[in-house]
Amino acid sequence: MNVIEPTSSPQLGERYYLGLPAWGFPGWTGCYFPQPRGSQSRLAQYASVFNTVEGNTTFYRIPDTSQARRWSEAVDPSFRFSFKLPRTLTHEGRPDARDLRMFFSAMTQLEGKLGPFLVQCPATVGPDDLPRLDALFAQLPQAHDYVLELRHAEFFTRPECVEPLLMKYGAGRVMFDSRPIYQGDSTHPEVLAARHKKPDVPLLDHTYNGIAYARVVLHPDESQNRGWIREWIERCARYLSDGHQVYFMMHCPNNQHCPRFAEQFHNELRRRVSSLGELPSWPMPQQSALF
């Protein structure tokens, strides 16, 4: 196997960002992270290992400035938050201008620690809605990066129809990969419980504007993920070699498995990209016995 030597050195925190769909999943406490004490937070614990996170909380509720400031204070300057836009901006016929102002006002507390914002659209948003998406992007502060997640079937059979929008605003397109749970063992109870929440869409792995943003849903049975992991190792190694920013968000029907799968992915990627360092150790030392 050839080892890729990138044109620059993508250390954890430069062009390669590895994260999970949350920073405070309860099942991780006592397994990967200790119970927070004093002023310590779950976010600070999480950020001692990972350098990005998919911020789902902002989809449902806009944080106030004091909350955003606490988030900023909990992480290192190299950390990157990748927050979802509020659903009032992406899931309603007309974006709520007041919510847009409130959201980005709070985000000013996180300047320098913001990765791409995730603009996630429901499956009801199709090509006929592109003018509405254009109007939304026109209102977004252009100082930030954005990635667009689409679920309508026609965006996968005619991906070129959204390309003018992506190029106009310098945005990326999310690569959502749910194949492991739809093509793997469908009888696993965690898969049965999650399928209605995870869209079954084709994988399009073309990148736009130098942003490779992947949301990958692995099967809870580790043995069924090997082929999918190999695919993503090759993709991410190529993206890094080509100079892209890589955001890899590790998902699973049960978030309990995400930290372990993310470490396994990172260790495999290090074998292909020699300049990557080790993932920092878990705060719970006994966790190393799992690997």
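Me: Does R271 count as buried or exposed?
Reply: This is a predicted model, in which local features need pLDDT of at least 70, side-chain atom pairs count only at pLDDT 80 or more, and totals for chains, interfaces and linings use all residues. Residues are numbered from 1 along each chain as its sequence is written, and side-chain values use heavy atoms, leaving out hydrogens and water. Buried means under 20% relative accessible area, exposed over 50%, and partly exposed in between (1.4 Å probe, protein chains only). R271 has 51% relative accessibility, so the residue counts as exposed.

Me: Which residue forms a salt bridge with R271?
Reply: A salt bridge needs a side-chain nitrogen of Lys or Arg within 4 Å of a carboxyl oxygen of Asp or Glu. Here the closest N and O atoms are 2.6 Å apart.

Me: Why are R271 and E268 separated by about one helical turn?
Reply: Helices are DSSP runs of H or I with at least four residues, strands are E runs of at least two, and both are numbered from the N terminus. Both residues sit in helix α12 (residues 258–272). They are about one turn apart because their spacing in that helix is three residues.

Me: Which strands does the salt bridge between R215 and E54 link?
Reply: The two side chains meet at 2.8 Å, N to O. R215 is buried, and so is E54. The pair links distant parts of the chain, 161 residues apart. The strands are β8 and β2 (residues 52–55).

Me: How does E149 count by accessibility, buried or exposed?
Reply: E149 and R151 meet in a salt bridge, also at 2.8 Å from N to O. R151 has 23% relative accessibility, so that side of the pair is partly exposed. E149 has 1%, so it counts as buried.

Me: How many salt bridges does the structure hold?
Reply: Side chains of opposite charge can pair when their charged atoms come close. Some join into a network, which links D177, R179, D205, E231 and R235. The structure's total is 13.

Me: In what order do the three strands of the open sheet lie?
Reply: Two strands pair if DSSP finds at least two bridges between them. Four bridges join β4 (residues 117–120) to β5 (residues 146–149), and two join β5 to β6. The edge strands are β4 and β6 (172–173), each pairing on one side only. The pairing is parallel, in the order β4-β5-β6.

Me: Which residue of β6 is the bridge partner of V147?
Reply: V147 in β5 is also the bridge partner of L118. L118 and Q120 point one way from β4, F117 and V119 the other, and all are buried. On the β6 side, the partner of V147 is G172.

Me: What is the volume of the largest pocket?
Reply: On a 1 Å grid over the protein atoms alone, a cavity is a set of points where a 1.4 Å probe fits but cannot get out; a pocket is an open set with protein on both sides within 12 Å along at least five of seven lines, and lining residues have an atom within 4 Å of a point. Grid points are joined across faces, edges and corners, and a volume is the space filled by probe spheres set on the points. For the largest pocket that gives about 490 Å³.

Me: Which residues lie closest to the centre of the largest pocket?
Reply: The pocket has 23 lining residues. Helix α10 gives the largest share, three residues. Closest to the centre are N56, K84, K197, K198 and R215.

Me: Which residues line the largest cavity?
Reply: The count is three cavities of 30 Å³ or more. The largest holds about 60 Å³ of space. Its lining is E149, L150, F156, R173, V174, M175, F176, P202 and L204.

Me: What is the phi of N209?
Reply: Most residues other than glycine have a negative phi. N209 lies in the loop between α10 (189–194) and β8 (211–217). N209 is partly exposed because its relative accessibility is 34%. Its phi is positive, near 55 degrees.
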